[in-house]
Every structure is written in C-alpha cells, then in structure tokens.
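Here is a report on a two-chain protein model.

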Amino acid sequence: MTMDFGARTDTGRVRETNEDSLRYAPETNLFILSDGMGGQASGEVASRLATDATLAHCLEAESNSALPLVGEPIEGVSEASNRLASAIRLANRVVYTASQQNSEQQGMGATVVAVWIKNDRMSVAHVGDSRVYRLRGGALEQLTSDHSFVAEQVRRGLMTEGEAAQSKLQNVLMRALGIDPEVEPDVTEELVMEGDTILLCSDGLTRELSDQQIAGVLTSIDDPEEAADRLIELANQAGGGDNISAIVVRHADRAVGAFGRIGRWFKDSR
Amino acid sequence: MSKLVLKFENTVLKEVAVGAKEVSIGRSPDNGIVIDNPAVSHYHARVFNEEGRLMLEDFGSLNGTFVNGQRVRMVSLRPGDSVAIGKHTIVVTDSVEVHAHTLDNVQSKPAAPRINETVILETRDRREFLQKVAAVGESAQVAPARLKVPTLVVLKGSTDQTEYSLSNKLTVVGKSAMATVKLKGWFKPKAAAQINRREDQSYYIGAADRVPTVNGTPIAQPTKLKSGDIIEVAGVQLEFVIRD
C-alpha cells in the first residue's frame, strides 16, 4: 500500500526552541512524532533520542526478524504492533539512561506517537499526549487517548470534558518516556481503507485547533504536505503557544469511491 | 532582609521573609512555602542564607526549578530574580526597597518562559492518584482482573466459521485476507466493519465499507458492545456474547 504524506514542525510564536521531533521511513510506511520536555536544550535531546531509537529498532527488525523484543509481547496484536511497542520501550530506556547520566538532562522526558502501516493494517502506539486522528468519510476520530492527568480523570468520571478543557493542570502528564526505567505504551490496531487520512500531531496543534477545524483542513485539502502546512499556519494564527507538529498520511490512490461520496454528501446535507 | 513573594499568574499568594532559618518549598504542608500542584515535588527546593548570600537549592525535583528561565540545581539569588516552580513564580525582593515599586517591577516582567511547559506527575504521586481513584469504585471497570474473551456467534449469513473468538485487538469482518470473520459471496466488501478492543478492555464496533447496525440501529460512530448485542452488516447477523 502506497501512502502519501506531509510532515511539518514549527517552533510556534511563543517558544524559542522547537522540542518536537519527527522521523519517518515512508518506504515502510512508518511515521514517528515526539514532543520533548525538560530544561535548557534537554527537551530537544529527549524527543530526538526517542524518535531515533524508535525508528532504528523498527528498521533493524525489518532486516533482521530475529531481533529480540524489548519487554513482554502483547497478545492478540500483529508482529508490527509488537515491534512498535518494543521500539517505544527501548526509546524509553535510551531517554531514561541519558537523563540519569547527564546532570543537565536530568528530568528530561518526551511523548511519542508512532504509526506503522502494513498492508491494510495500521499499528498505533503512544505514550503521553501526542495524538493520532483518523478522518474517514468526513468524520474525525481520535485513535489515541492522552496519558494526561485531566484525561485520566475524565475517563474515570471524576471530571467532565468541559472541566478538563478549562483545567490549569492540562500540562500534567501521567506517562512519558524517560521518567521511569520502564514504560508501557498503549497499542491499538486499525484497518486502513482507501480514502482514510491519518494525522499524527503534538499538543501544540490540538490546544490551538478544534476537531472541526482539523477535520475542515483534512477534508478540503487533498495534498498532505499542503494540509500539514495549513494546520500549522492555523495553529500559529490561533496563538502558536507551543511547538506545533503534524504528519498527514493519506492513501495514495485516494479515489474516494461511490460509498465515500455518498457518505460525504449525506454528511454535508445534514 | 530578603523576601520571597509567591505568585500565581500575577496574583500574590504569600510573602515570606528569609532570615537565619531556611525556607523550604514544596507540596507537603510542612514546607515554609506550600505549592499545592501535582507538578511540584513534596520537598522541591529550599532558600537559605549563606555567608550573606541568598542561596536556592533544588532537591533533585522531577520537574525542576528555574531561575530566570534556566533550570538550576544550586544558585545564588539576587533581588529581582524570578524562580519558576511548576506554574508558580517566586520573586526575590529586597525588603528594604519600596514595596509597591518592587511589586510593580515584578508584574511588568515577562512571565518565566517555561511556565506552560508540559510536566510529569512523579511516580509516587501517580500511584497515589491511581489508588485514590480506584477507591472511588471505578477500579473494576478500569482494570479487570482478567479479560473475558467475547465470542461472535453467526446467526445468519455465509461465513467460514459459525463462531469467532475475539482474542485480537482488531477484528475485521469482510472478504479481505486480514479479515477474521470471513464473508463468503460475490458482492461482499473487503472490509465491511471492524471491532476494536480498547485499552479499558471493552469492545467497540465501527464502520468500514458498510455501516453496521447494532440491535437494529445504524451506528453513527464507534459503539461499545455489550453481551447479547445483535450486529448486522453486509448480509450477516452476528451476536456478541460474553460467556461466564
């Protein structure tokens, strides 16, 4: 399956440095995004280590299927999903070790979100509050759930979504790479269909834009690079309070198909 | 004598003088300056006088202490310095100065650059939080002791088996090679619908090339399944069953 993609990252209008990092291997449809955190330049270091380690482990497994998994295999998921989880566990160890060894990098951490598409199946793995969305038939769906303090409270019914959106604690994460010696990523699998658009993004995008705005861009702009540019432009217009990153991935033969057309027409007419 | 002014978004919360006795800063109530925020460690840092100099020491806190935007471990402080801990700011003032003037200065200063930075809940706090919410009675749903694997029973239609165990995170209903529930027949879609097991171990059915119905109603978005639900899609009827 051939996918087109556009990957963009921007410092935004408030921060002085860009602590987001993107890596991808389009030949195997692997896309990785990380948002680093920590003092001085350590956020940049953390996100780069995280994306490099994740990419390297997956690519190594492509040429050496006997490469051992880091951590316990997850039941009921594909080999690619297990490899992606393994890569993220490894990335955690890399960031954790670096932060322990270098006093300037003490306490640094990173989120990570990765998508690997093999045939019709997509593996999604993440730690933190960077997200993956899917646009299918005009409807945007968030495929990841944030590992944040407020999202956790919403899931447990202790807070409403409205309260979460207003909370002063939105920036507090429950899980991140580099903080503990071990971390467990969430892994999901999805079917990839013609016409699907996948978006990986950092919280710099989702704090500035609503789901409707994101869906509007992904629906109206066909070229993934242009769509990524437009998302970043809109997030900057909305304030650009943080680093902004977006990877837009789209089925290359984006023949919408009769069902997609009917679905879109049906949705628009409501 | 120096003073520490604790502020949150330009509101002064507290002023503490630093004399011979050190002032500790942290989330625990026994600190001299208490900052009740999960991003702040229980014992985060301290400010003390040493040989006439005012010193700040971070106790190796997870999310750090920043002076004028730089993460610090141990530094000497001067009047006008801005110490950021979590989203709070502690401004160092010399109490000899005219008080109002000092506060004016402080307020016109730009906020510490790291104030909206993403931070991480410390391991200990994370555990405490999870225990606390577990006590609210949600634990059974959030973390079931053992997952019961549901079954899809074929009630009507042509498929390669009569039932399917949903042991995978993703189950596809369709004609494609990756489909678990394999549909037979000429005009069947490659992927009619999908069922996902989410992190909370519940199962959701979603549309693919077709929009399935659950108990007769077409689904508008991924829909959580419960035992006994009847799914219809692409000419097959399936019952979602969780057996005891």
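Two strands count as paired if DSSP finds at least two bridges between them. The model is predicted. In chain B, Gly26(B) stands opposite Val34(B) in β4(B). Two bridges join strand β3 (residues 23-26) of chain B to β4(B), and the two run parallel.

**Sheets of chain B**

Chain B has two helices and 23 strands. Of its 244 residues, 49% count as buried. Among contacts in chain B between residues at least 6 apart in sequence, 36% join residues at least 24 apart.

One open sheet has five strands, in the order β4-β3-β5-β6-β9 (chain B), with mixed pairing. Its edge strands are β4 (33-34) and β9 (74-77) of chain B, each pairing on one side only.

Follow β6(B) through this sheet. Strand β6 (residues 53-58) of chain B is mostly covered, with five of its six residues buried. Six bridges join strand β5 (residues 45-50) of chain B to β6(B), and the two run antiparallel. Within that pairing, Phe48(B) has Met55(B) in β6(B) as its bridge partner. The hairpin of β5(B) and β6(B) has two residues between the strands, and Glu51(B) takes a positive phi near 50° there. Four bridges join β6(B) to β9(B), again in the antiparallel sense. Leu54(B) has Leu77(B) in β9(B) as its bridge partner.

A six-strand open sheet runs in the order β14-β13-β23-β22-β19-β20 (chain B), with antiparallel pairing. Why do β14 (163-165) and β20 (217-218) of chain B each have one side without a neighbour in the sheet? They stand at the edges with a single partner strand each, so one side of each is left without a neighbour. Strand β22 (residues 230-233) of chain B and strand β23 (residues 236-241) of chain B pair in the antiparallel sense over four bridges. Glu232(B) has Gln237(B) in β23(B) as its bridge partner.

**A buried aspartate**

Asp125(B) lies in helix α2 (residues 123-142) of chain B. Is Asp125(B) buried or exposed? Its relative accessible area is 5%, so Asp125(B) counts as buried. Leaving out residues up to four places away in sequence, Asp125(B) touches Arg27(B), Pro38(B) and His42(B). Asp125(B) and Ser76(B) are 49 residues apart in sequence and 30 Å apart in space, C-alpha to C-alpha.

**Where the chains meet**

In this interface, 39 residues of chain A are in contact with 46 residues of chain B. The two chains bury about 3900 Å² between them, 55% of it on carbon and sulfur atoms. Eight residue pairs are in polar contact between chain A and chain B, both residues at pLDDT 80 or more. The elements that give two or more residues to the side of chain A that touches chain B are β7 (131-136), α3 (149-155), β9 (172-173) and β10 (186-191) of chain A. The largest share, five residues, comes from β10(A). By class, this side of chain A has 15 nonpolar, eight polar and 16 charged residues.

Strand pairing also crosses the interface. Two bridges join β9(A) to strand β12 (residues 119-120) of chain B, and the two run parallel. Leu173(A) stands opposite Ile120(B) in β12(B).

How many salt bridges are there between chain A and chain B? The count is one. Arg198(B) and Glu141(A) meet in a salt bridge. Arg134(A), Glu141(A), Glu190(A) and Arg198(B) are linked in a network of salt bridges.

**Charged pairs**

The structure holds 23 salt bridges over all chains. Some of them are listed here.

| Salt bridge | N to O distance |
|---|---|
| Arg198(B) and Glu141(A) | 3.8 Å |
| Glu184(A) and Arg89(A) | 3.0 Å |
| Asp146(A) and Arg131(A) | 2.7 Å |
| Arg155(A) and Glu152(A) | 2.9 Å |

Glu184(A) and Arg89(A) meet in a salt bridge. This pair links distant parts of the chain, 95 residues apart: Glu184(A) in the loop between β9 and β10 of chain A, Arg89(A) in helix α2 (residues 79-101) of chain A. Glu184(A) is partly exposed at 38% relative accessible area, whereas Arg89(A) is buried at 4%.

Asp146(A) is buried at 11% relative accessibility, and Arg131(A) is buried at 17%.

Arg155(A) and Glu152(A) both lie in helix α3 of chain A, three residues apart, about one turn of the helix. Arg155(A) is partly exposed at 41%, while Glu152(A) is buried at 12%.

Terms used: Residues are numbered from 1 along each chain as its sequence is written. Chains are lettered from A and ligands numbered from 1 in the order in which they are written. This is a predicted model: local features need pLDDT of at least 70, side-chain atom pairs count only at pLDDT 80 or more; totals for chains, interfaces and linings use all residues. Side-chain values use heavy atoms; hydrogens and water are left out. Contact means heavy atoms within 4.5 Å. Buried area is the accessible area (1.4 Å probe) that two parts lose on being put together, summed over both. A salt bridge is a side-chain nitrogen of Lys or Arg within 4 Å of a carboxyl oxygen of Asp or Glu. A polar contact is a pair of N or O atoms within 3.5 Å; within protein, one must be able to donate a hydrogen and the other to accept it, and residues adjacent in sequence count only if both atoms are side-chain atoms. Ala, Val, Leu, Ile, Met, Phe, Trp, Tyr, Cys and Pro count as nonpolar, Asp, Glu, Lys and Arg as charged, and the others, Gly among them, as polar. Buried means under 20% relative accessible area, exposed over 50%, partly exposed in between (1.4 Å probe, protein chains only).
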